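Pick out each part as it comes up.

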Amino acid sequence: MEETPHNCPGTGSAQAGRGAACQGCPNQRLCASGAGEAPDPAIEEIKEKMKTVKHKILVLSGKGGVGKSTFSAHLAHALAEDENTQVALLDIDICGPSIPKIMGLEGEQVHQSGSGWSPVFLEDNLGVMSVGFLLSSPDDAVIWRGPKKNGMIKQFLRDVDWGEVDYLIVDTPPGTSDEHLSVVQYLAATHIDGAVIITTPQEVSLQDVRKEISFCHKVKLPIIGVVENMSGFVCPKCKKESQIFPPTTGGAEAMCQDLKIPLLGKVPLDPHIGKSCDEGRSFLVDAPDSPATVAYRSIIQRIQEYCSPHRPKEERTSLVPETRGDMDASSTASAS
């Protein structure tokens, strides 16, 4: 898929297809014709569907392998511990869907009813949807271009019968590509509470997370905060702490201070996290006294406080500093 020009004016602009940034863009003729201005009717349909969903949280990461899906799964587990809280977990990592494995739902299938696709329920108050449920084998590769991925995400948001939901957690793939633009575009009119961004301490991860933060600013997606995963390792025998991934540039804490965004917390390494995920179990239940569990619960409490309806609106939105070069997510997605 062709890359959108850096200074793309957007399909809704009078300069669409005519600006200097449009020269050489494969979509120049389409944008200049005005054909790209027509809104996708699915946006209104999704807006109507999402009226029954109170809070929408995107879990993002710039780098793969930093524990984003693990965090999404345990955020869902923790929220669903309250039987009166309805939780939905949506996996839009189309090419690498790991949520079915982490949630212990491999082999489950999606069923269709008169009101749409029925999510797979782990508990009565915890529903899960993933492209992994649509594959004949967990080893099958999903080899799709952007438009087909976008169509799948649209279906998940529009056609899944979530019912009344308190929290919709969206687990995304790493990066800032088609899936991210699509989910922000389709949910823009429904009020997204914000994004939780996952990183690890080393600079090779942080440099990609800075790009993710820039993406959030450009598409006007509020940032709830950053979680630093794999933040040190405390030996269970001698209790000595080791830095497996040294924070050579100060880690997430220094980055958050520099960019003026909240650091929600740091989760230390614990070998049992991987074991619990491989077995499709909640690490929070398997290891309730682990320092990692304590960190998870503290972070999740902060997310709940952020989403609290009693929190003043100006405080909720003040976490996102003004940046230059903001772009319209829907315009970018349409022009991609």
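In α8, the buried residues are G251, A252, M255 and C256. They sit on the same side of α8, because the arc they cover around the axis is only 145°. An α-helix has 3.6 residues a turn, so residues three or four places apart point the same way. Bear in mind throughout that this is a predicted model.

Which exposed residues are carried by the face of α8 turned away from its buried side? Those are Q257 and D258. As for the buried residues of α8, what covers them includes β8 (194-199), α7 (203-218), β9 and β12.

K260 belongs to the loop between α8 (251-259) and β12 (263-266). Is K260 buried or exposed? K260 counts as exposed because its relative accessibility is 66%, and the cut-off for exposed is over 50%.

M230 is another residue to look at for its backbone: its phi is near 55°, a positive value in a residue other than glycine. You'll find M230 in the loop between β9 (223-228) and β10 (233-234). For context, most residues other than glycine have a negative phi.

Now move to strand β6 (residues 126-130), which is mostly covered, with 5 of its 5 residues buried. L126, V128 and S130 point one way from the strand, while G127 and M129 point the other way, and all are buried.

How many bridges does β6 make with strand β2? Strand β2 (residues 87-91) pairs with β6 over 5 bridges, in the parallel sense. To locate that pairing on screen, look for D91, which stands opposite S130 in β6.

Strand β5 (residues 120-123) is joined to β6 by 3 bridges, and these two strands run antiparallel. Together β5 and β6 make a hairpin that has 2 residues between the strands. Here E123 has L126 as its bridge partner in β6.

## Aromatic pairs

The count of aromatic pairs in this model comes to 3. Two of the pairs are set out here.

| Pair | Centre to centre | Angle between planes | Geometry |
|---|---|---|---|
| W117 and F156 | 6.0 Å | 65° | edge-to-face |
| F283 and Y296 | 6.4 Å | 65° | edge-to-face |

F283 and Y296 are both buried. These two residues also belong to an aromatic cluster, which F71, F283 and Y296 form together.

## The cysteines in the record

UniProt, in an unreviewed entry, places the feature "binding site" at C8, C22, C25 and C31. How do these positions sit in space, clustered or spread? They cluster in space, with a largest C-alpha distance of 10.6 Å, although they are spread over 24 residues of sequence.

C22 is in the segment before α1 (28-33), and C25 lies in that segment before α1 as well. Why does C25 count as buried? Its relative accessibility is 16%, and the cut-off for buried is under 20%. C22 is buried too, with a relative accessible area of 7%.

## A look at E48

Finally, find E48 in helix α2 (residues 41-49). Its side chain makes a polar contact with the side chain of K51, at 3.0 Å. Where does E48 stand relative to T190? E48 and T190 are 142 residues apart in sequence, and their C-alpha atoms are 8.4 Å apart in space.

Key
Residues are numbered from 1 along each chain as its sequence is written. This is a predicted model: local features need pLDDT of at least 70, side-chain atom pairs count only at pLDDT 80 or more; totals for chains, interfaces and linings use all residues. Side-chain values use heavy atoms; hydrogens and water are left out. Helices (H or I, at least four residues) and strands (E, at least two) are DSSP runs, numbered from the N terminus. Buried means under 20% relative accessible area, exposed over 50%, partly exposed in between (1.4 Å probe, protein chains only). Rings of Phe, Tyr and Trp (its six-membered ring) pair if their centres lie within 6.5 Å; planes under 30 degrees apart count as stacked, over 60 as edge-to-face and the rest as tilted. UniProt positions are given in the numbering used here, feature names are shortened, and annotations may be inferred rather than shown by experiment. A polar contact is a pair of N or O atoms within 3.5 Å; within protein, one must be able to donate a hydrogen and the other to accept it, and residues adjacent in sequence count only if both atoms are side-chain atoms. The arc is that of the directions from the helix axis to the C-beta atoms. Contact means heavy atoms within 4.5 Å. Two strands pair if DSSP finds at least two bridges between them.
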